[in-house]
Amino acid sequence: MKYPLYQGRVAQTWSGDPLPVSAQIIFELERRPQGLLIDFCAPAYQDPLPLQSPGSTPELWNYEVVEFFIACGDAYTEIELGPAGHYLLLKLKGYRHCLSQGHSLRYKTYLAAGYWMGTALIELADLPPEPWCFNAYAIHGQDSSRQYQVAFTGPATVPDFHQLECFQTLNFS
């Protein structure tokens, strides 16, 4: 069965500079009856991993991650996915006001020759109501070499992933 699909890329730095194709994150968002399926492929930077076992991991944004923010109005879900099976799902309302975190989700990762791939299923109960808008991000590197990448840029000069006004409508084909 074919489900509605959106295909995109995290293809620019926070300041809007284009990334080389080899540094881009390719992703698909697929609307399933039970929720939103996220598939992606990202370059592997081999950053240090969290000390915790894979699963829900607080403050995962301090590590190498690919992130998806799904919103409707001022309600949104932040989904952070790491290369070794760590993840974080936060439900928010308003600017950075966290309603809940530590949710579980189905998430698998795969490593291959300089890349890592992830597949996550976000249940409808963990998402805001539809229609959705979204943005996608990637973070890697440490200290002064930390990199912030984005699908859709905004006006902020410093990384702020919670700028809902920069999100784009999620149109499934």
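Tutor: The model is a predicted one. The protein has 14 strands and 0 helices, and buried residues make up 49% of its 173 residues. Its charged side chains comprise 10 positive and 17 negative charges, whose mean positions are 8 Å apart. Side chains of opposite charge can pair when their charged atoms come close. Here the count of salt bridges comes to 4; three of them are described below.

One of them joins Arg32 and Glu30, with 2.5 Å from N to O. Glu30 counts as buried because its relative accessibility is 13%, under the 20% cut-off. Arg32, at 24%, is partly exposed.

Another pairs Asp74 with Lys93, where the closest N and O atoms are 2.9 Å apart. Asp74 sits in the loop between strand 6 (65-72) and strand 7 (75-81), while Lys93 belongs to strand 8 (residues 86-93), so the pair links distant parts of the chain, 19 residues apart. Both ends are partly exposed: Asp74 has a relative accessible area of 37%, and Lys93 has 41%.

A further bridge runs between Arg96 and Asp160, at 3.0 Å between the closest N and O atoms. Arg96 lies in the loop between strand 8 and strand 9 (98-101), and Asp160 in the loop between strand 13 (147-150) and strand 14 (168-169), so this pair ties together parts 64 residues apart in sequence. Arg96 is partly exposed at 43%, whereas Asp160 is buried at 13%.

Note on methods: Residues numbered from 1 in each chain as written. Predicted model: local features only at pLDDT ≥ 70, side-chain atom pairs only at ≥ 80, totals over all residues. Heavy atoms only, no water. Helix = DSSP H or I, 4+ residues; strand = E, 2+ residues; numbered from the N terminus. Buried < 20%, exposed > 50% of the residue type's maximum accessible area, 1.4 Å probe, protein only. Lys, Arg positive; Asp, Glu negative; His and termini not counted. Charge placed at Lys NZ, Arg CZ, Asp CG, Glu CD. Salt bridge = Lys/Arg side-chain N within 4 Å of Asp/Glu carboxyl O.
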